[in-house]
Amino acid sequence: MKRFLKGLFFVIWALVVIFGGLAVANRINERAMHEYIDTFGAVEYENQLKPAFDENGAPYFVTDGEFKVMQITDVHIGGGFLSVTEDKKAINAVAAMITAEKPDLVIVTGDISFPVPWIGTLNNRFAHEMFAHLMENLGVYWTVSFGNHDSEAYNFYTRAQVAEMYESENHKYCLFDRGPEGLYGECNHYIYLKNTEDVITRAFIIVDTNAYTDEDPLGIKWIYDNIHEDQIEWYEETINTLNTHNSNLGAGEVKSLLFYHIPLMEMREAVNEYNTNGETDDLKYHFGKIGEEDPYALIDTKEWTIETLVEMAENVSLDLDANDKWDENDRYGLVYFSDVICAMEIGAGVPFAEIVDGIPEMTLNCEEAINVLDMASDLLYDEELSYSWSAVGKTEEIAWTMFMADQALFYYGELHSAEDMRASESDFGIMPMPLYDEYQESYHHTVNPNVAAVIVIPTTNTEETLTSYALDSLGAASKNTLTPAYYDINLQGIVSRDEESAVTLDLVISTLSYDPGYQYILEAGQLLRTLVDTKSDSFTSSYETKESVMTTKIEKIVEAIQDKYS
């Protein structure tokens, strides 16, 4: 008996030490995370809209202009000492998006917390307090709808207790409300917009889709709860109240958006129906282009410019691992090799050389070339927007890997690069080189001299006529048989993943030209590549140091051809 009690004592003591150690570790981590969150400052607004509250306590904003809402979901902050790295990434991502977009309102649709056993804590309050701290530091108005992970059955705090925390007066910017007493759920509320004529223009309805059913309280079987009948009735009553307000003013019905976490059962039914029968009169499948900017649409309107490329890159770049160090582990607007600047110059209608009276002359040293480099440098010289695998001494494989892992919006490369990306699980398309501006008459493309194939004939060859016949035959076969087959079967038939890419390929091929200054005077391309790799803006002085070499080289090429065929 004594031995048993002694053993029991040591077991209890060991458990006390273990759980005590976990508690101390999590408290230390909690303090460190709040110190990290304090490094994020308030978002800078030119004129931030501030809410008012109606007689029912519902918040509303007054505006006659645009109103930007950002929806964020599944932040999954663990809050434990074993999740600190991932928590910092999540917090950094949220802060980066909000700081960049400057939304008027942020609505978080659930799963802010993720306090599961393997992250070191079951205290879900840690995560919710961290997130609230971040949002208040950012100074943006916000609210939340709960998800299934926000209050697991084994967590320390119930859904109601988490709701009480968000309703705290300490949260100046939080517009959260638990909703009417007796209504199922803990976050049923709404926020709306008015114009200066008091007409309600939009309502944002936030509903609690709850967590799991009584049949599966721990969520082991993934049997999720959903919206209950009394919540639907509350929603109808809310919309009717808002419509009545507008009706009294002679205005139309209020448009509304519903924000929640767990998808409705009707969505699953629609998916099952689509998988069985495809599209029907009552069921349509929409993907990817509803209210989104379509890059392909910019081609025909000539809005696909260098400036547009830079703007799109600015919207996606992110320090994914939140370590303030930009490398191949982060996300960029563009991954590239430095010769992209050569293609951008030619694409913008700036030739390296032009034919004057049948003789090529270098024309790269011009104001237009400097302007293109200046515009492109906003992207290529910013290490937080673009990643140059040539500048860091990496191989092209790292660029392919990053692009296929969704770590870049755009990848620059020759057409053959598309073949290497066929294994990518993420969808991708093909775009032409951007225009200088919308007034440029046409797109331009060229062949990269560093990968262009040439046939060299030895000077000892005495069968010049026979050799020319053979080369002509090979050239004709290549142009008439091999190239079309490669283009039609491989590029358009296999590599292209959509009709738009096939159309773009036609555009690229039809606007292809050979620039003698780029093809034969390799020093010109090297000059531009060096400027980009070193992030230098000394174009004019760099060109002047190479000008005599380039001029002499092109004169020798012309002289040799004239001597041969004069």
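Which loop holds Ile220? Ile220 sits in the loop between strand S7 (200-206) and helix H5 (229-248). Helices (H or I, at least four residues) and strands (E, at least two) are DSSP runs, numbered from the N terminus.

The model is predicted: local features need pLDDT of at least 70, side-chain atom pairs count only at pLDDT 80 or more, and totals for chains, interfaces and linings use all residues. Residues are numbered from 1 along each chain as its sequence is written, and side-chain values use heavy atoms, with hydrogens and water left out.

**Surface**

Ile220 counts as exposed because its relative accessibility is 66%. Exposed means over 50% relative accessible area, buried under 20%, and partly exposed in between (1.4 Å probe, protein chains only). Together with Tyr154 and Leu218, Ile220 makes a nonpolar surface patch of about 300 Å². Patch residues have over 30% relative accessible area and no salt bridge; nonpolar side chains are joined within 5 Å, like charges within 9 Å. A salt bridge is a side-chain nitrogen of Lys or Arg within 4 Å of a carboxyl oxygen of Asp or Glu.

**Strand S6**

Strand S6 (residues 189-194) is mostly covered, with 6 of its 6 residues buried. His189, Ile191 and Leu193 point one way, and Tyr190, Tyr192 and Lys194 point the other way. In a regular strand the side chains alternate between the two faces of the sheet.

S6 pairs with S2 (residues 59-62) in the parallel sense and with S7 in the antiparallel sense. Two strands pair if DSSP finds at least two bridges between them. In the hairpin of S6 and S7, 5 residues lie between the strands. Asp198 takes a positive phi near 75 degrees there.

**Open sheet**

An open sheet of 3 strands has the order S12-S9-S13, with parallel pairing. Strand S12 (386-388) and strand S13 (408-411) stand at the edges; each has a single partner strand, so one side of each lacks a neighbour in the sheet. The twist averages 25 degrees from one strand to the next. Axes are lines fitted to C-alpha atoms, and angles run from 0 to 180 degrees between N-to-C directions.

| Pair | Bridges | Sense |
|---|---|---|
| S2 and S6 | 3 bridges | parallel |
| S6 and S7 | 6 bridges | antiparallel |
| S9 and S12 | 3 bridges | parallel |

Val62 stands opposite Lys194 in S6. Leu193 stands opposite Arg202 in S7. Val335 stands opposite Tyr387 in S12.

**Cysteines**

Cys174 counts as buried because its relative accessibility is 11%. Cys187 is buried too, at 0%. With a disulfide taken as a pair of cysteine sulfur atoms within 2.5 Å, the count is 0 disulfides.

Technical notes. Areas by Shrake-Rupley, 256 points an atom, 1.4 Å probe, with all protein chains shown as cover.
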